[in-house]
Amino acid sequence: MENWAFTRVQTLADNGIQTIPPEYVRRVEKTHHDPNRFQVPIIDLQLGFSSQQHDHFCKDQYDSIAAQISRAAENWGFFQIINHGIPDSLIARVQEASKAFFQLPTQEKEAYANEAQNPIGYGSKIGYSPDSEAKLEWGDYYYNAIWPPDMRDMSKWPIQLSDFTESMDEYSRELSKLFELLMEVLSRDLDLESENSLNESVGGERKGLHIRINYYPPCPQPDLVVGLAPHSDPNVLTILLRDQTPGLQIRKDGAWIDVQCVPGALVVNIADQMEILSNGKFKSIEHRGVVHKDRSRMSWAVFCSPPRDVLVSPKRELIDEQHPPLYQGAAYGEYLTKFFKKGLDGKGHIHDAKQQDSLVSNS
Ligand code: OGA
Ligand code: NI
């Protein structure tokens, strides 16, 4: 067993260090600040109080919202949704229960620590080994399956926190409905044989949700580190809840730009398996987290993914002589194993999934 333990970022920050350890120092690409030129699309889902009630839409309303989602998935890979139907009070409960986790004494949190080969639990970096060239990131996280409940690793579940389980149960149910709505819209946009087609491709009822709760403490030298290194998400679709502290950035036309904080909004992003299923129509975009000198930041990424045994490849309706498959198919579990082994790697993982001849013809 390799030496896996290292100091938590929260502990470094709480100890008030002024110079960060060299393992964290890296070259950080600059942010491009021009909010007038680039704004991630904000889409009003008009869902009132519960996301399951989208049957009440009239056709024009549905079509207009669906067109905005499809355009954003193609042109941005990232968008924000407002009036998504998830009550503010539920969101506040999820946030409180997870803050309580990070406020537990160090030894209590360490009881949930993850291992080098398995990211489930409390951790500080994926794909890191002390003898590699990899740099550490200025953030700690809690990672586990949240839905369906029997996928949770209960040995890493903070059962003692009041409302953690109940708020995650309710939040997962709401997010499952939103993921299904998004996949329905995207299936229609791709002209697939049924509106349930993408949902079926990711396992239907067997698909799962995982949460990564990110905690980025203040950093004395924020320009020398990243909170979360550039990556695209390995799963199908991600819905991210964040506090009102900026820090999430995406790479747009080569430049790193901020995703603006919008009260009550959730951020949606296309992830690698959706790019593959859509044969490149929907884009899984590189993103990162930056940190601040005097403010901490939290975010809650929920990843929708197929079971590990499901083979993911471009949908066959999208393939013909003019449109060859741009990606190789792979079992999702294989893709994920590579992701966790190598760690965050920009668009490296999806690049590896590209067909070799499509790389040649594109270059
Ligand atoms: C992630 C992620 C962004 C953020 O956890 O995959 O991209 O703002 N998080 O923390
Ligand atoms: Ni991400």
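This is a tour of a predicted model, taken one selection at a time.

Residues are numbered from 1 along each chain as its sequence is written, while chains are lettered from A and ligands numbered from 1 in the order in which they are written. Because the model is predicted, local features need pLDDT of at least 70 and side-chain atom pairs count only at pLDDT 80 or more, whereas totals for chains, interfaces and linings use all residues.

**The sheet**

Start with the open sheet of eight strands, whose order is S1-S2-S10-S7-S12-S5-S4-S3 with mixed pairing. Strands and helices here are DSSP runs (E, at least two residues, for strands; H or I, at least four, for helices), numbered from the N terminus. Two strands pair if DSSP finds at least two bridges between them. Select 42-44 and 121-123: these are strands S1 and S3, which stand at the edges with a single partner strand each, so one side of each has no neighbour in the sheet. From one strand to the next the twist averages 25 degrees (axes are lines fitted to C-alpha atoms, for helices over the stretch in contact, and angles run from 0 to 180 degrees between N-to-C directions).

Next, show S7 and S12, which pair in the antiparallel sense over six bridges. Ile239 stands opposite Val302 in S12.

**Ligand 1**

Select ligand 1 and the residues around it: Arg212, Asn214, Leu228, Asp233, Leu240, Arg242, Leu248, His287, Gly289, Ser299 and Ala301. A residue is near a molecule or strand if its C-beta atom, placed from the backbone, lies within 6 Å of it. Strands S5 (208-216), S7 (237-242), S11 (287-289) and S12 (297-305) are the elements that give two or more residues to this shell. By class, the shell has four nonpolar, four polar and three charged residues. In this count Ala, Val, Leu, Ile, Met, Phe, Trp, Tyr, Cys and Pro are nonpolar, Asp, Glu, Lys and Arg are charged, and the others, Gly among them, are polar.

**Strand S8 and its partners**

Move to residues 248-252, strand S8, where four of the five residues are buried. Buried means that 20 or more other C-beta atoms lie within 10 Å of the residue's own; exposed means 12 or fewer, and partly exposed is in between, with C-beta atoms placed from the backbone. S8 runs antiparallel to S11, joined by three bridges, and Ile250 stands opposite His287 in S11. Four bridges join S8 to strand S9 (residues 255-258), again antiparallel, with Trp256 as the bridge partner of Arg251. The hairpin of S8 and S9 has two residues between the strands, and Asp253 there takes a positive phi near 45 degrees.

**The core**

Select Leu182 and Leu237, the residues with the most contacts inside the largest nonpolar core, which has 85 residues. Such a core is a set of buried Ala, Val, Leu, Ile, Met, Phe, Trp, Tyr and Cys residues joined through C-beta atoms within 7 Å. Helix H5 gives the most to this core, with eleven residues. Leaving aside neighbours within four places in sequence, Leu182 is in contact with Ile69, Leu237 and Val268 (contact: C-beta atoms, placed from the backbone, within 7 Å).

**Backbone exceptions**

Most residues other than glycine have a negative phi, and most peptide bonds are trans. Asn83, in the loop between strand S2 (78-82) and helix H3 (88-102), has a positive phi of about 50 degrees. Asn83 counts as partly exposed because it has 15 C-beta neighbours inside 10 Å. Asn279, in the loop between helix H7 (272-277) and S11, has a positive phi near 50 degrees but is buried, with 21 other C-beta atoms within 10 Å.

Finish at Trp147 and Pro148, joined by a cis peptide bond with omega about -5 degrees. Pro148 lies in the loop between strand S4 (140-147) and helix H5 (164-189).

Definitions and conventions. Two residues are in contact if their C-beta atoms, placed from the backbone, lie within 7 Å.
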